[in-house]
Amino acid sequence: MTNTNSALPLVLVVGATGFTGGSIVKGLLGSNNFRVSALVRPASQSKPAIQVLRTAGVDIRLGDITDGVEKLMGALSGVNILVVSVVAYPFPDQRDLIRAAKEVGVQRVIPCDFGTPGKRGLRQLHDGKLEIRDFVKELGVPHTFIDVGWWMQLAFPLPSRSKVPEFGKQLTYMLHGTGTQKFLVTDLADIGVYVARILADPRTLNQAVIVWEDEVTELQVHEIGERESGEAEALKAKRIYVSAEKILEIAAEGIAEVAQDPANFFAHAKQSWNQYMNSVQTLGENTLENAKRLGYLDARELYPDLPKRTIEDFAKDYYTLEEPGLEYLRV
């Protein structure tokens, strides 16, 4: 249940029923350091997921990020901290929400990041996030930018029993390049725990923070997954090796398909997934060394008492799930 102590900071979460937003809400509630509200579209207010939030003690505020500054100012009344965790493509729509946050005096804004770190010009989605960061800084809004390691939930080869469609399973069988590039990983369930600590920490104001729990290679992940799945030989036989050149080729195909049909979700997914694979697995942008080079604070250094789940420990639980591929099925 949310803490009703009116002296505690009030956090408004936008996107509270999504994967990352749900983890954040749970982490905030579990910390007992915040009151929590969620911005919910009027058409969604009767959905079961919203009732779950109400039952947990989350205050539901009706509105949409496209409502315009004046109306959003009302939704932000009394809010101390704004956290945005929306699906990929409404990134530009955050601007009015951020403008409204400035007008009502929100003390800290966390725009929708929660991805892997890297430079401009390689990933369209990431470039959109960086444009919002620039906007936040130009407005002079107090902020924290939070990125995370690749979800552990999306790192492993899916077992044969998974109900994920075959084209989705094949994504999980892929090894990019040699599979030996290190990359940061994070358990989705732990993101909210880290976010709660980051928001309570004055050291993170106007800073970027990287949340991660382990640093591994794709080959290591596949070897662990094959062993823990109980299908070692079968999954090893399904490995698909994708060269760096092929990653860029498929990404280019996605870009061309998006140009032909901007509403084509699968074209967007093809472009984004492969641009991320290029960044993470070919160029090695998702490493602790690179994050620090880009100026991120290290959440593990800031909070040494918080969970640091290894990929191997995660795998032991992952392959006992009835459906390990839930994150793919809910896309």
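Analyst: What follows is a set of questions about the terms used for this model, each answered from its definition. This is a predicted model, in which local features need pLDDT of at least 70 and side-chain atom pairs count only at pLDDT 80 or more, while totals for chains, interfaces and linings use all residues. Residues are numbered from 1 along each chain as its sequence is written, and side-chain values use heavy atoms, with hydrogens and water left out.

User: What makes up the protein in terms of helices and strands, and why is it called as compact as a globular protein of its length?

Analyst: The protein has 15 helices and 13 strands, where helices (H or I, at least four residues) and strands (E, at least two) are DSSP runs numbered from the N terminus. Its radius of gyration, 20 Å, is close to the 20 Å that the globule rule gives for 331 residues, so the protein is as compact as a globular protein of that length. The radius is taken over C-alpha atoms, and the rule is 2.2 Å times the number of residues to the power 0.38. Along its principal axes, the C-alpha trace spans about 55 × 40 × 40 Å.

User: Why is Arg123 called buried?

Analyst: Arg123 has a relative accessible area of 0%, and buried means under 20%, exposed over 50% and partly exposed in between (1.4 Å probe, protein chains only), so Arg123 counts as buried. Arg123 lies in the loop between β5 (108–110) and α5 (124–139). Buried residues make up 53% of the 331 residues in the protein.

User: How do you know that the side chain of Arg123 makes a polar contact with Pro117?

Analyst: The side chain of Arg123 reaches the backbone oxygen of Pro117 at 3.2 Å. A polar contact is a pair of N or O atoms within 3.5 Å; within protein, one must be able to donate a hydrogen and the other to accept it, and residues adjacent in sequence count only if both atoms are side-chain atoms. Arg123 also touches other residues, including Gln275, Tyr276 and Glu285, contact being defined as heavy atoms within 4.5 Å.

User: Is Thr204 buried or exposed, and what does its side chain reach?

Analyst: Thr204 has 0% relative accessibility and therefore counts as buried. Thr204 is found in the loop between α7 (188–199) and β10 (207–211), and a polar atom of its side chain lies 2.8 Å from the backbone oxygen of Asp201. Beyond its neighbours within four places in sequence, Thr204 is in contact with several residues, among them Arg108, His143 and Tyr303.

User: Why is Asn206 called partly exposed?

Analyst: Asn206 has a relative accessible area of 41%, so it falls into the partly exposed class. Asn206 is found in the loop between α7 and β10, and it has a positive phi of about 60° although it is not a glycine.

User: What is the phi of Phe114, and is Phe114 buried or exposed?

Analyst: Phe114 has a positive phi of about 55° although it is not a glycine. With 8% relative accessibility, Phe114 counts as buried, and it is found in the loop between β5 and α5.

User: What makes Thr287 buried, and which backbone nitrogen does its side chain reach?

Analyst: Thr287 has a relative accessible area of 9%, and therefore it is buried. The side chain of Thr287 reaches the backbone nitrogen of Asn290 at 3.1 Å, and Thr287 is found in the loop between α11 (265–282) and α12 (288–293).
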